[in-house]
Amino acid sequence: MEVREYRELVKQWIIERGTTIRQLVLDGQKLIDRIDTKSSRTDLVTNIDKETEAFFRERLAETFPDDQILGEEGLGDPVTSLDGAVWIIDPIDGTSNFVLQQNHFGIMMARYINGVAEFGAIYDVMNDDYFEAAHGEGKVYRNGEPFNLRFKDCAINECLVDANVPMTMRNRFDVQDFLKQSMGYRAYGAASIEILAVLKGELGAYITPTLKPWDIAAGKVLLEELGLKVTAFNGEPIDLLHPDTTIMSYPTVHHAFVDFYQSHAK
């Protein structure tokens, strides 16, 4: 199935599920019945994460029975290869924000064919803000309308930068010296919201050493369609099957950070 045949269907699924969650939050209803931890006490998963992934898996399996599905909550069979068609989904990105703030979280979904991006979408749930792009179109759509970048490029001394908090606090790779060159430091705590902040020109870069495939896949499509950069810290392509260092940024900031990292990597 080609992108033009399924993009509206995927949009319908994402907005349907996101709207249900948002309305329950706004109505003050109890959403979360169970909160568990995964890799650490701050790495949370709720019943809503799992129910949302199951929601998407069921619809994808019905519509794309031959596609693999790689999801954050690991429901279904493990994906060990990007051969063929693979959906990469994050049902609730920013779970800690979702639990503690009931805000600043998103839904991300992407489809890759033999490791090459085909489609990506990010939904800022509480702001009802939906972004999508198909590889090769050179366009991003925001709520169905063409979206234009505020600017095509910026330098490190002209922008705010978002960097992973533990990396920044521990000053890994001397990253504080890089951040000091910027106009200021920000951290939103959800890859979906941070990626959209770069796309909207609110940030010049999002830098983190710990992103998983589902944190990267959709944003990679959106950003690269408009000429922004998504690579590992050393400038090499992202590994979408394993956690990887990641910088998502405007070209000049990207060049500056890769040079900085190569001289400070330890």
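## Contacts across the chain

Take the contacts in this protein between residues at least 6 apart in sequence: 60% of them join residues at least 24 apart. Keep in mind that this is a predicted model.

## Overall dimensions

How does the radius of gyration sit with the chain length? With 266 residues, a compact globule would come out near 18 Å, and the protein has 18 Å, so the two agree. Along the principal axes, the C-alpha trace spans about 50 × 40 × 35 Å.

Of the 266 residues, 55% are buried.

Now for the charges. There are 42 negative side chains and 26 positive ones. The centres of these two sets lie 4 Å apart.

## A closer look at E194

E194 is found in helix 6, which covers residues 191-199. Which side chain of opposite charge is nearest to E194? That would be R186, but R186 is 11 Å away. E194 has no salt bridge, yet this residue is buried.

So what does E194 touch? Leaving aside residues up to four places away in sequence, the list runs to D162, A187, Y188, G189, L203 and Y206. D162 is on that list of contacts, whereas R186, the nearest side chain of opposite charge, is 11 Å from E194.

Terms used. Residues numbered from 1 in each chain as written. Predicted model: local features only at pLDDT ≥ 70, side-chain atom pairs only at ≥ 80, totals over all residues. Heavy atoms only, no water. Rg over C-alpha atoms; globule rule 2.2 N^0.38 Å. Buried < 20%, exposed > 50% of the residue type's maximum accessible area, 1.4 Å probe, protein only. Contact = heavy atoms within 4.5 Å. Lys, Arg positive; Asp, Glu negative; His and termini not counted. Charge placed at Lys NZ, Arg CZ, Asp CG, Glu CD. Helix = DSSP H or I, 4+ residues; strand = E, 2+ residues; numbered from the N terminus. Salt bridge = Lys/Arg side-chain N within 4 Å of Asp/Glu carboxyl O.
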